[in-house]
Amino acid sequence: VTDDARASEQDVLGQRSAAIIAGIEAINPDHVLHLASSTLKIVLSHFLNGPGARPGRRVFAMPREEEGVAIAAGLELAGARPVLIFQDNGIGNLLTSLLTLAQPYHLPLLAIVSRRGGLGEYNSMIHTISERTEALLDAAGVRWFQLDARTPVHRWADEIERAWAFARATHRPVFVLVNLMGS
Amino acid sequence: VTAPSLSRAEALRVIDAAAPDSPAVLSLGGIAREMLAVAGRKGNHFISLDAMGQTVSVALGLALGLPADFAGKVIALEGDGSLLMGLSVLSTVGHLKPSRLVVYILDNGVYLATGGQPTASADIDLVAIAHACSWRGARDVRTAEELAAATRWALETEGPVLIRVRISTVQLPASYFLEDPAILAEDFRRWLRSSVTSDPAPPRGVPGRDDNTPS
């Protein structure tokens, strides 16, 4: 990989991260629940110690995705505005919680899910679950949208905001799968 | 140590009598069914029909998300087996310190609804774990009198607090509860809107609704 290619990857990461931040900020969540993710580092930094860390907003780590789904379910019941941010290799952890709580109780959660395991991936194993993300979500009946190179980055923020509205309009969890690795 | 004599139904009666109007999340299985048997269908009860391991997490979300002017407590009624499936939430609660949260662990030491297979709780000091996770208080009780006293303490104390209630394996005959979960959620939301807030249809997500929002 040449220096130019690396610089290009960083440009893409920066532009897409900024678009995701803009989309989430447009939603104006009062709670941001996250899990560790190297590809989401810029996004998470914005909410943890950047301009997105503001009074009236709580930002905290969920130890497991399923716990985050349940906390967000309680927040939704209370009338709050939670957003979940994590990687697609955690999808397996949350399916039971999603399908026994959020989905059947008609709770409109929004999750921003970073794609891993594709072109540009540096982990030799993670594709074994990440490549199956769409299939797992389809099998579970979870509605998802994908943001990658096929969607111009200037459209990403609007699409994220629309996904939030769509979750509420259809009374169910909606996942936005975001590819920050260039594909 | 003698076996606990307090039954789950007796414990639920004590808790419901002490906090009849607090929003409460009921764990799946026997806790939900026996609460329905002793207290009936109540608007302040959010009934989990499955989602094992997530009862405290749902209550945590409620405690964080309710409006800042809500002065009451949010109650989680959890079992030992379900708690141990999602034990990490004790660290999340300790970290976030929701002052409204009161968690009861009704501990009979077994997965009673599925035939009484043992859990690991007999060797686990849940009160010590709560303290180690920076909860503001935790108690271990064995009798109805101790439970009533601990409940009075919990309702008057800044949370989060945990009460481990040692209960017997006596079960109340209770039928299956087969209501649509979407209706359960909407009933609970309607109760929250009418009982917890002064606004019958509050806007979603007004910032600053929590009692310990970071600034």
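How many residue pairs are in polar contact between chain B and chain A?

The model is predicted, with local features requiring pLDDT of at least 70 and side-chain atom pairs counted only at pLDDT 80 or more, while totals for chains, interfaces and linings use all residues. Residues are numbered from 1 along each chain as its sequence is written, chains are lettered from A in the order in which they are written, and side-chain values use heavy atoms, with hydrogens and water left out.

**View 1. The interface between chain B and chain A.** Between chain B and chain A, 8 residue pairs are in polar contact, both residues being at pLDDT 80 or more (N or O atoms within 3.5 Å; within protein, one able to donate a hydrogen and the other to accept it, residues adjacent in sequence counting only if both atoms are side-chain atoms). On the side of chain B that touches chain A, at least two residues each come from β2 (45-47), α3 (55-65), α5 (89-96) and α8 (181-195) (DSSP runs: helices H or I of at least four residues, strands E of at least two, numbered from the N terminus). This side comprises 21 nonpolar, 13 polar and 5 charged residues. In total, 39 residues of chain B are in contact with 31 residues of chain A (heavy atoms within 4.5 Å). The buried area is about 2800 Å², with 62% given by carbon and sulfur atoms (accessible area, 1.4 Å probe, lost on putting the two parts together, summed over both).

**View 2. The largest pocket.** This pocket holds about 320 Å³ of space (a pocket being an open set of points on a 1 Å grid over the protein atoms alone, with protein on both sides within 12 Å along at least five of seven lines; lining residues have an atom within 4 Å of a point). Of its 20 lining residues, L28(B), M52(B), Y111(B), L112(B) and A113(B) lie nearest the centre. α4(B) gives the most to the lining, with 3 residues. The lining divides into 9 nonpolar, 8 polar and 3 charged residues.

**View 3. The second largest pocket.** About 260 Å³ of space lies here. The lining has 11 residues, with E9(A), Q10(A), L13(A), G120(A) and M181(A) nearest the centre of the pocket.

**View 4. The largest cavity.** The volume of this cavity is about 40 Å³ (a cavity being a set of grid points where a 1.4 Å probe fits but cannot get out). Among the residues lining the cavity are I15(B), D16(B), M35(B), H45(B) and L77(B).

How values were computed
Ala, Val, Leu, Ile, Met, Phe, Trp, Tyr, Cys and Pro count as nonpolar, Asp, Glu, Lys and Arg as charged, and the others, Gly among them, as polar. Grid points are joined across faces, edges and corners, and a volume is the space filled by probe spheres set on the points.
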